[in-house]
Amino acid sequence: MGYERYGRKGAKTSWFLMFLYGTIFDFSLCCQPGATGDPIPNSCLRRRWMWMCHVLRYLYKMSLAVSLRRALLVLLTGAIFILTVLYWNQGATKAQAYNEALERPHSHHDASGFPIPVEKSWTYKCENDRCMRVGHHGKSAKRVSFISCSMTCGDINIWPHPTHKFLLSSQTHSFSVEDVQLHVETSHREVRKQLQLAFDWFLKDLRQIQRLDYVGSSSEPTVSESSSKSRHHADVDPAATLFGATFGVKKVGDLTSIQVKISVLKSGDLNFSLDNDETYQLSSLTEGRRLQVEITANSYFGARHGLSTLQQLIWFDDEDHLLHTYANSKVKDAPKFRYRGLMLDTSRHFFSVESIKRTIVGMGLAKMNRFHWHLSDAQSFPYISRYYPELAEHGAYSESETYTEQDVREVAEFAKIYGVQVIPEIDAPAHAGNGWDWGPKRGMGELAMCINQQPWSFYCGEPPCGQLNPKNNHTYLILQRLYEELLQHTGPTDLFHLGGDEVNLDCWAQYFNDTDLRGLWCDFMLQAMARLKLANNGVAPKHVAVWSSALTNTKCLPNSQFTVQVWGGSTWQENYDLLDNGYNVIFSHVDAWYLDCGFGSWRATGDAACAPYRTWQNVYKHRPWERMRLDKKRRKQVLGGEVCMWTEQVDENQLDNRLWPRTAALAERLWTDPSDDHDMDIVPPDVFRRISLFRNRLVELGIRAEALFPKYCAQNPGECI
């Protein structure tokens, strides 16, 4: 129709317009910066000007047609404008790509692949409850992956081991995380919301396990942020990438739907307590291509442990790139001890919020329930108090190595998602250094004594020295405000830690030589307890914890209110004395559950380290209640235990492998407390197999857990033990 209407000139005009549009389109395709932000190549720039010359030459000929000059002038102006913008944009694109590269978080792993590589050369078969490795070089038969063999061969592969009944079918099904849905049954609205939040993070962890957040090929890996905020690269099957990630086609397994029903039958309480009911039951049943999973508990905390068990009943098979689980299962479970803790010292070295949250993820998977946050010590005071920011101004290592109120609140809220309580500790009266030296400037007098005093070995356990002033009322007011803030951030609790560790009486003797120093120490702790009660709306927490010391061997602290965390040796007499004096105890014996031991002295002279290294077997085999032959009454006084990570020689670079999987060994000891008929240092082969697999699960979640033995031993369970 255009040709008929405009004749020959119209045809030429239409042809020219097509030519011009094609030219601009060609420029837009050819001369765009690369995905990595590479500059526009010079060859592209030459092509631009060559095409421009052709356009101008043609326009010159066409300009003879006066009727077209105005239209052509407009088109020419537009073309020149577009090309100019493209040319000058290359500089901006380079700057943008550079800035994005600076902002992009670094991967924990190199570009070679996901932290657990695919083992295409081997297949596994189950013989006598052991997975045997068999060569699979060039064979066409379907390969059985190590994890699929491990999960269907021998005893249940859950850590910690269930304490009651369990039953697993031999048949398994495959599925994708997109097929998993939640249904909550509870009459408590807040519990429903918290379970939904926990389930969202459960799905994020499953996505990471299935490697759905790892898109790309082995040669050009790309990553997206995962739930634990750590990044990895994946060895992705090119076919799976092409037809899955590129075109959005979901891989289909045996199951089309996994319905997870969580029922909380009784308590609507979301506050942590040593009286929380942590029991749960889990069952699953396959109906056609649907799997029905039911988790039943009396509280949110039991239901959360059920999710942790469900996560360990699911695994990723690198043969079909899908998740797998059992066709049918039943688990009934409950912990043996109420307090299952981990202490991290963030004073001697600072640890980011992300590293703390990563630690909590591991704790939740291992069903540990108390994160003891040793916030301050003589070395630094990293917490920025709302009322007294001077503590951090004078005590933090740097402005960036601090925790805000929002940081503490964020950690506590995140921990609750994984069923973990945050217990903050401001150590007092000892271990109070430069953070407390600003009192005279504020007209509050000396808040602390012996700060930086030399020779330090006379007045404290390690430099710098410092001990709070027990006769300055401002000291107690500051503690009260700190307790108030921390309780607001971490929520109501029946347990709070006051510290009370390693008081040096020689420090105080310089100022109060006419006073009963032990009585002064006792008065300080009782005053701190009273201030804690005021900070907690006039209600004293049921359990007020202090570290064991010479003071706790006296009876000045009422055993009805104080719980003692015993850090000394497991054979020390104080273990028996504290129980005989009626105290509840939390065991943290230095000879078994101190994870910082065994790395040599960090000082040129004097004792500066404990030794030897506490292996995961040492942690696992330690059963002080058995070794002490406690009767039923005294066993009830043992609330549980806690591993301790003091950080003189640990910073964020070593945190994961110093904690894991040794902390998991304590988790099973306190959850299951399996009977032990073996020699003192011998762990059954089945425990090796299960903790090795649990260690791999931690690595899948971005936790750099320490290797247990050569990988050959992991591939050949039982052979090296």
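Why is the disulfide of C450 and C507 right-handed? The torsion about its S-S bond is about 105 degrees, so the link has that handedness. The legends below describe a predicted model, in which local features need pLDDT of at least 70, side-chain atom pairs count only at pLDDT 80 or more, and totals for chains, interfaces and linings use all residues. Residues are numbered from 1 along each chain as its sequence is written, and side-chain values use heavy atoms, with hydrogens and water left out.

**View 1. The disulfide of C450 and C507.** The S to S distance is 1.9 Å; a disulfide is a pair of cysteine sulfur atoms within 2.5 Å. C450 lies in the loop between β17 (448-449) and β18 (467-468), and C507 belongs to helix α12 (residues 505-509), 57 residues apart. Helices (H or I, at least four residues) and strands (E, at least two) are DSSP runs, numbered from the N terminus. C450 and C507 are both buried; buried means under 20% relative accessible area, exposed over 50%, and partly exposed in between, with a 1.4 Å probe and protein chains only. Seven disulfides are found in a search of the whole structure.

**View 2. The disulfide of C126 and C153.** The two sulfur atoms are 2.0 Å apart, and the link is right-handed, with 70 degrees about the S-S bond. C126 is in strand β1 (residues 122-127) and C153 in the loop between α4 (146-152) and β3 (166-168), so the pair ties together parts that are 27 residues apart in sequence. C126 is partly exposed, at 42% relative accessibility, whereas C153 is buried, at 2%.

**View 3. The disulfide of C597 and C610, with C644.** The S to S distance between C597 and C610 is 1.7 Å, and this link is left-handed, with -95 degrees about the S-S bond. C597 and C610 both lie in the loop between α16 (590-593) and α17 (616-621), 13 residues apart. Both cysteines are buried. C644 takes part in no disulfide, and the nearest cysteine sulfur, that of C597, is 9.7 Å away. C644 is itself buried, at 1% relative accessibility.

**View 4. Helix α7 and its N-terminal cap.** Helix α7 (residues 300-312) has 13 residues and should span 18 Å at 1.5 Å a residue, which agrees with the 19 Å between its end C-alpha atoms. The expected span is 1.5 Å times one less than the number of residues. Of the 13 residues of α7, 13 are buried. S299 caps the N-terminal end, with a side-chain oxygen 3.3 Å from the backbone nitrogen of F301.

**View 5. The open sheet of six strands.** The strand order is β3-β13-β9-β10-β8-β5, with mixed pairing; two strands pair if DSSP finds at least two bridges between them. β3 and β5 (180-185) stand at the edges with a single partner strand each, so one side of each is left without a neighbour in the sheet. Neighbouring strands are turned by 15 degrees against each other on average, direction ignored. β3 and β13 (residues 329-333) run antiparallel and are joined by three bridges, and F166 stands opposite V331 in β13. Helix α5 (residues 189-210) packs on the sheet, touching β5 and β8 (257-264), and its direction makes about 165 degrees with that of β5. Contact means heavy atoms within 4.5 Å; axes are lines fitted to C-alpha atoms, for helices over the stretch in contact, and angles run from 0 to 180 degrees between N-to-C directions.

Methods. A polar contact is a pair of N or O atoms within 3.5 Å; within protein, one must be able to donate a hydrogen and the other to accept it, and residues adjacent in sequence count only if both atoms are side-chain atoms.
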